Structures are given as C-alpha cells and as structure tokens.
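Subject: Handover of a structure and notes on it

Dear colleague,

Please find below the structure that I am passing on to you. I would be grateful if you could read the notes with the model open beside them.

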Amino acid sequence: MGVIKIQIIHSDEDTNNAVQQALGEHFTLIQAPVNDADPFPQNFSPSDLLILDFDLPDVVETLRLIRSQGVDTEAILLLPPKYPFKTV
C-alpha cells in the first residue's frame with residue numbers, strides 16, 4: 001500500500017494546524033479550505049480519506065457538493081468538544 005492521502009477540509013486555520021500536527025508525520029495531508037462565499041473546498045483533489053471541520057460555514061452542504069462530484073471517499077466530521085462522542 002502506498003502513502004495514504006488525507007484531505008483536510010476546513011475553515012479554521014487552528015483546526016487545520018491541529019490535524020497537521022497530529023497526523024502530518026504519518027500521512028500525506030492536503031489542505032482544502034472553505035470560505036463563506038463558496039462551500040466547495042478550494043484545492044480539492046482525490047484522496048483516501050476526507051476530514052471535515054464541523055465548524056465549516058455549512059458542513060452538510062460542503063459534503064453534499066463533494067458527493068455530487070461522484071466522490072465516495074470515506075469522511076470524518078470533527079465535532080466541537082461541546083458535542084458528546086457518538087458513532088453514526
């Protein structure tokens with residue numbers, strides 16, 4: 001198996017930095033920022049896993065737009081600490 005590429009879809013640089021720090025030594029990480037004007041991630045490219053910051057302006061719409069491109073890559077949503085852990 002080759003290098004695993006993870007796409008970090010975020011709107012917050014602190015979240016991006018935390019994920020980079022935690023996973024950067026073990027995986028190839030690709031930044032894909034989202035802004036208020038456009039919910040589709042900038043620099044989006046094929047990857048093995050998607051990590052979405054739950055604080056995106058509209059995380060559901062961002063994921064819907066990604067899926068509408070035919071991308072069925074597994075996705076993880078990072079929940080803010082105020083939410084209890086829950087597997088869905």
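This is a predicted model: local features need pLDDT of at least 70, side-chain atom pairs count only at pLDDT 80 or more; totals for chains, interfaces and linings use all residues.

Residues are numbered from 1 along each chain as its sequence is written, and side-chain values use heavy atoms, with hydrogens and water left out.

**The sheet.** Four strands form an open sheet with parallel pairing, in the order β2-β1-β3-β4. Strands β2 and β4 are its edges, each pairing on one side only. On average, neighbouring strands are turned by 20° against each other, direction ignored. Strands and helices here are DSSP runs numbered from the N terminus (strands E, at least two residues; helices H or I, at least four). Two strands count as paired if DSSP finds at least two bridges between them; β1 and β3 are joined in the parallel sense over four bridges. The bridge partner of I8 in β3 is I51.

**The helices.** Helix α1 covers residues 13–23, and T15, N16 and V19 are buried in it. Its buried residues line one face of the helix, because they fall within an arc of 100° when seen down the axis of α1; the arc is that of the directions from the helix axis to the C-beta atoms. On the other side of α1, D14 and Q21 are exposed. Buried means under 20% relative accessible area and exposed over 50%, with partly exposed in between (1.4 Å probe, protein chains only). The cover over the buried residues of α1 includes β1 (5–10), β2 (28–33), β3 and β4 (75–78).

Helix α2 (residues 59–68) lies across β1, β3 and β4 and runs at about 155° to β3. Such angles run from 0 to 180 degrees between N-to-C directions, with axes fitted to C-alpha atoms, for helices over the stretch in contact.

**Two residues.** D53 is in strand β3 (residues 49–53) and is buried, at a relative accessible area of 4%. Leaving aside residues up to four places away in sequence, D53 touches I9, H10, S11, D12, T15, V59 and L78, where contact means heavy atoms within 4.5 Å. The D53 side chain also reaches the backbone nitrogen of D55 at 2.9 Å.

N43, by contrast, counts as exposed, at 56% relative accessibility. N43 is found in the loop between β2 and β3, and its phi is near 60°, a positive value in a residue other than glycine.

With kind regards

How values were computed:
A polar contact is a pair of N or O atoms within 3.5 Å; within protein, one must be able to donate a hydrogen and the other to accept it, and residues adjacent in sequence count only if both atoms are side-chain atoms.
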